[in-house]
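Hi everyone, thanks for coming.

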Amino acid sequence: MGHETKLITLSMKSLRAIGSWAADCAERALSVYETHADSDSRPRAAIEGIRVFACGGKRTARLRSLAWEANSAAREVGDPAAAAAARAASLAAASAYTHPLADVHQTKHIVGPAAYAALALELDHAGDPNIVDSEVRWAIEHAPPEVREVLHQMPARQVGKSRVDTILYELDAGIRGRTLPQDA
C-alpha cells in the first residue's frame, strides 16, 4: 500500500524567517567550533550564507554547498562540542531547502540548528543540562511566528532515545506551545 504525503504551506517568506532564526541559533554556538578550529571558516560561511538568503538573497547552489561544507567540518573537527556547533551551522544553511512535506523528519530542518547549538554549548560546559534548558528557552522565545506556523502543519516530534532527539523534541514541543514532561 502506498502512503500519501501531505504538502504544507511553505512560502519563501517563511523560509527566510526560519533561516534568520536558524542563523541566530547556530551563531550562539559558533565560538565553540572556532575555539577548536579557528582557521576553518566553513561553519561561519554557512551562517553568513543563510543570512544573505534570509535578507532576500536567492536560494543558490552556493548556499547548498555552504551547508555541505559546514557538515564536512563537523565530521572532520574531532571534538563532539565543536562538531555539534558545525552541524548547527550546516542545518541553518540547509533550512532554506526545507521541503513542503508534512513529515516529522522535516522538523529537523527547522529546529535542528537550535538543537545542535544547544548540544554544542552543553558539551562545551561539561555536559551541564542547565545550558540546554537555557538555550531551548532562548530559541523558543525568539522563534518567529513563521516557525510556529510551519511546525503546526507537521507531525510533532517524539522524545526519542539520543540526547539530540530529546533536545529536538523539547524545541518542537516548546515552539508548538505543548507542555513538556518536566512542566507537568
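I'll start with the salt bridges and then turn to one arginine. Please keep in mind that this is a predicted model.

A search of the whole structure finds ten salt bridges. Let me show you some of them. E135 pairs with R28, with the closest N and O atoms 2.8 Å apart. These two come from distant parts of the chain: E135 sits in helix α7, R28 in the loop between α1 and α2, and 107 residues separate them. E135 is buried at 12% relative accessible area, while R28 is partly exposed at 31%.

Next, E76 and R42 form a salt bridge, also listed with closest N and O atoms 2.8 Å apart. E76 belongs to helix α4 and R42 to helix α3, so this pair ties together parts that are 34 residues apart in sequence. Here E76 is exposed, at 55% relative accessibility, and R42 is partly exposed, at 22%.

Then there is E122 with R163, at 2.7 Å from N to O. That one links helix α6 to helix α9, across 41 residues. E122 is buried at 5%; R163 is partly exposed at 33%. And D24, E27 and R51 are linked in a network of salt bridges.

Now for the arginine. R157 is in the loop between α8 and α9. What is the nearest side chain of opposite charge to R157? That's D165, 4.1 Å away, and the buried R157 has no salt bridge, because the cut-off is 4 Å. What R157 does have is a 2.9 Å polar contact with the side chain of T107, and its side chain reaches the backbone oxygen of V104 at 3.3 Å.

Technical notes
Residues numbered from 1 in each chain as written. Predicted model: local features only at pLDDT ≥ 70, side-chain atom pairs only at ≥ 80, totals over all residues. Heavy atoms only, no water. Helix = DSSP H or I, 4+ residues; strand = E, 2+ residues; numbered from the N terminus. Buried < 20%, exposed > 50% of the residue type's maximum accessible area, 1.4 Å probe, protein only. Lys, Arg positive; Asp, Glu negative; His and termini not counted. Polar contact = N/O pair within 3.5 Å; in protein donor to acceptor, adjacent residues only side chain to side chain.
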